[in-house]
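Please keep the sequence and the structure in view while reading.

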Amino acid sequence: MTRGSRKFIVAGGGIGGLSIAYALAQKGHEIAVLEQATDFTEVGAGIQLAPNGMRALADLGLADPVMPYAWKPEALQMRNGYTGAPIVKLPTNAEFAQRYRAPYCVVHRADLLSILLDACQAETRIDLQTGARVEGYEAANGGVSVRLSSGQTVEGDALIGADGLRSAVRQKIVGDGAPEKPRHVVYRGVVPRHTIPDALWCQDVVMWCGDGADFVHYPLRSGELFNLVVTFRSPIELEPDDIEGSLEDMTAPFSGFAPEVHELLRHLPHERRWLVSDREPVANWAEGNAVLLGDAAHPMLQYMAQGACQALEDSAELAASLSRHSTIDEAFRAYSHKRYLRTARVQLSARRFIEVCQAGPVFDQVRDHYFKHRPVEKLYQAIDWLYSAENHLRFE
Ligand SMILES: Cc1cc2nc3c(=O)[nH]c(=O)nc-3n(C[C@H](O)[C@H](O)[C@H](O)COP(=O)(O)OP(=O)(O)OC[C@H]3O[C@@H](n4cnc5c(N)ncnc54)[C@H](O)[C@@H]3O)c2cc1C
């Protein structure tokens, strides 16, 4: 190790874990990434990268490799799921990209993960380990000793818990147990563009909104793929491993939806479903030389399409904080302090935004009326806090 360089252990090799590993390697540190799965993989689905996420990627030096795989929608649309009538259209055009100093992109998760993985594999300072499940850690010799389920221990100067919603690292730092049982059901899949009838294809990110359910679609890559996502609220609490899907389960919440929705749903695989939960926001993600990042720190529902964007922002900010402070624990505390309010606002906004996307009777009319009279500038102003460059991350 070179002078000033430290050894960081990163629990979890998702978007958060790989992005912080790469960011720290750029600063000259050594990193061991411990991933529980036997491979580094992502779900076969798309992901939206709003300008703040794209600026964070640029800050990490990874926006350029992503751009050839990105699709740039011209707008984010909400439609009434039953009639197809437009509710609101937020342009994501050149003016939008200029305002937020980055474009709005959608990418295949597998493409994003393989770009992060390739970047990490090209770094000799990063040791990528699979089949390595973190169980816990102790402070030891001024650093940390991390316990794996295999019985092995891994020693380092510091630990970054990027191990997702059910983070083992979080249990020592926050200690808030398991997340609440899930209530939000998701079916998602990517199909070839040619399977979608021309009349139903749309270049935008489109959400069809109904009572307790919504349906989202958008193109991926250079338009050769089409991403489909169904989300609905379950009337009862579900068990986290209740992931077996069925056609009846997937389509029942869309009774009464427009024929276009039913036509598109025919293309979506229904054998497997995902269950989504969040947690209450917390203010402190750091304890000594251990800290949380991404979903481990601030798991959120997907309604703001921001979980990965916030994980990327975390990585950029954590790497910067370590350069600004002379000790790791100071840097971890400063990072946590700087990030928690912003991410808490996104977590809470995501909970509120479901009510808008999946509004029931009367609420839906109020929503439609509200948006009908909103000029585009007002829509931008409402989202400036999230997308704008004020959090100092630039896309250049
Ligand atoms: C339906 C849906 C749609 C979404 N859409 C968007 C979107 O459009 N835009 C957006 O920005 N975000 C979106 N998100 C959120 C985004 O996917 C997550 O916020 C993001 O993937 C979190 O990354 P992470 O690395 O923090 O956690 P994870 O992706 O959960 O990665 C954690 C990793 O840690 C590993 N791990 C777990 N426990 C251990 C352990 N004990 N030891 C070792 N390894 C462990 C896991 O195997 C995993 O690889 C969406 C989420 C869902 C569910």
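This is a predicted model: local features need pLDDT of at least 70, side-chain atom pairs count only at pLDDT 80 or more; totals for chains, interfaces and linings use all residues.

A polar contact is here a pair of N or O atoms within 3.5 Å.

- A backbone N or O atom of Ala 305 is placed 3.1 Å from a nitrogen atom of the ligand, while a backbone N or O atom of Cys 309 lies 3.0 Å from an oxygen atom of the ligand.
- In Asp 295 the side chain takes part, with one of its N or O atoms 2.7 Å from an oxygen atom of the ligand.
- On its own the ligand has 1000 Å² of accessible area, and the protein covers 85% of that area.

**The shell around the ligand**

- Two or more residues of the shell come from each of α1 (15-26), β3 (46-49), β12 (184-192) and α9 (307-324), and α9 gives the most, with three residues.
- The ligand is surrounded by 28 residues, of which Gly 16, Glu 35, Gln 48, Arg 109 and Asp 295 are the closest.
- Sorted by class, this shell holds 11 nonpolar, 11 polar and six charged residues.

**The second largest pocket**

- The volume of the second largest pocket is about 340 Å³, and among its 16 lining residues Glu 180, Lys 181, Ser 277, Asp 278 and Arg 351 are the closest to the pocket centre.
- The lining of the second largest pocket consists of nine charged, five nonpolar and two polar residues.

Key:
Residues are numbered from 1 along each chain as its sequence is written. Side-chain values use heavy atoms; hydrogens and water are left out. On a 1 Å grid over the protein atoms alone, a cavity is a set of points where a 1.4 Å probe fits but cannot get out, and a pocket is an open set with protein on both sides within 12 Å along at least five of seven lines; lining residues have an atom within 4 Å of a point. Grid points are joined across faces, edges and corners, and a volume is the space filled by probe spheres set on the points. Ala, Val, Leu, Ile, Met, Phe, Trp, Tyr, Cys and Pro count as nonpolar, Asp, Glu, Lys and Arg as charged, and the others, Gly among them, as polar. A residue is near a molecule or strand if one of its heavy atoms lies within 4 Å of it. A polar contact is a pair of N or O atoms within 3.5 Å; within protein, one must be able to donate a hydrogen and the other to accept it, and residues adjacent in sequence count only if both atoms are side-chain atoms. Accessible areas come from the Shrake-Rupley method with a 1.4 Å probe; for residues, only the protein chains shown count as cover. Helices (H or I, at least four residues) and strands (E, at least two) are DSSP runs, numbered from the N terminus.
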